[in-house]
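Please read this note with the chain open beside you. The points can be checked one at a time.

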Amino acid sequence: MREEEIQEQMFRAMFRLKRVNVEVLLPDVSCGELKVLKALRHHLDSGNSDEGVYVSRIAEEIHAVVPAVSRLLKGMESKGYIVRYADTNDRRSIRVQLTDCGVQKEQECVRILKNYSARVIRRMGDEQMFEFLNLFNRMVDVMQEELNETEKGDGICSKFSDI
């Protein structure tokens, strides 16, 4: 197989993977909301959320900007998954806590996603899954290394402009 064919198939496969929309499995929860629920659940399970979690900490943990997290939280609050309140020591800082409804929703989503991934793994087979994951992780490592070594605007990406 020619290098160009491999490149084209690689990018097509990556784009196909990106378009797999597991969000359709989740009941009334977006992927962003699930990330927040999981981050808050982690704090709850570790005993670090008695006074809630700062919005900035959530943003840091889910690799998002504070304004985007604030928008997610507004919707989650209206659904009853979380409560937001001002910090008693600094009224400008907002803390967030999971509600019982939020805990139940996070558990439900995790159960659904585990069931889905178990079905995928069963169909693929353990051996093929391990082989795929090893190769995929190796590819991601190499891609990241190449990005780290490539300077913006050096022309390396120009050969991919028609993809």
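Is His63 buried or exposed? His63 is exposed, with a relative accessible area of 76%; buried means under 20% relative accessible area, exposed over 50% and partly exposed in between, for a 1.4 Å probe and protein chains only.

1. Basis. This is a predicted model, in which local features need pLDDT of at least 70 and side-chain atom pairs count only at pLDDT 80 or more, while totals for chains, interfaces and linings use all residues. Residues are numbered from 1 along each chain as its sequence is written, and side-chain values use heavy atoms, with hydrogens and water left out.

2. Two loop residues. His63 sits in the loop between α3 (55-61) and α4, where helices (H or I, at least four residues) and strands (E, at least two) are DSSP runs numbered from the N terminus. Its phi is near 60 degrees, a positive value in a residue other than glycine. Asp28 also has a phi near 60 degrees, again positive and not in a glycine. Asp28 belongs to the loop between α1 (3-19) and α2, and it counts as exposed at 51% relative accessibility.

3. The sheet. Three strands form an open sheet in the order β1-β3-β2, with antiparallel pairing; two strands pair if DSSP finds at least two bridges between them. The edge strands, each pairing on one side only, are β1 (53-54) and β2 (82-86). Between β1 and β3 (residues 94-98) there are two bridges.

4. One bridge pair. Tyr54 has Arg95 in β3 as its bridge partner. Arg95 also lies over the face of Tyr54, at 4.1 Å from the ring centre. The test for a charge over a ring is that NZ of Lys or CZ of Arg is within 6 Å of the ring centre and within 35 degrees of the ring normal.

5. A helix on the sheet. Helix α2 (residues 31-45) lies across β1, β2 and β3, at about 85 degrees to β3. Axes are lines fitted to C-alpha atoms, for helices over the stretch in contact (heavy atoms within 4.5 Å), and angles run from 0 to 180 degrees between N-to-C directions.

6. The core. The largest nonpolar core has 21 residues, and Leu40, Leu73 and Ile82 have the most contacts inside it. Such a core is a set of buried Ala, Val, Leu, Ile, Met, Phe, Trp, Tyr and Cys residues joined through side-chain atoms within 4.5 Å. α2 gives the most to this core, with five residues. Leaving aside residues up to four places away in sequence, Leu73 touches Val36, Val55, Ile82, Arg84 and Val96.
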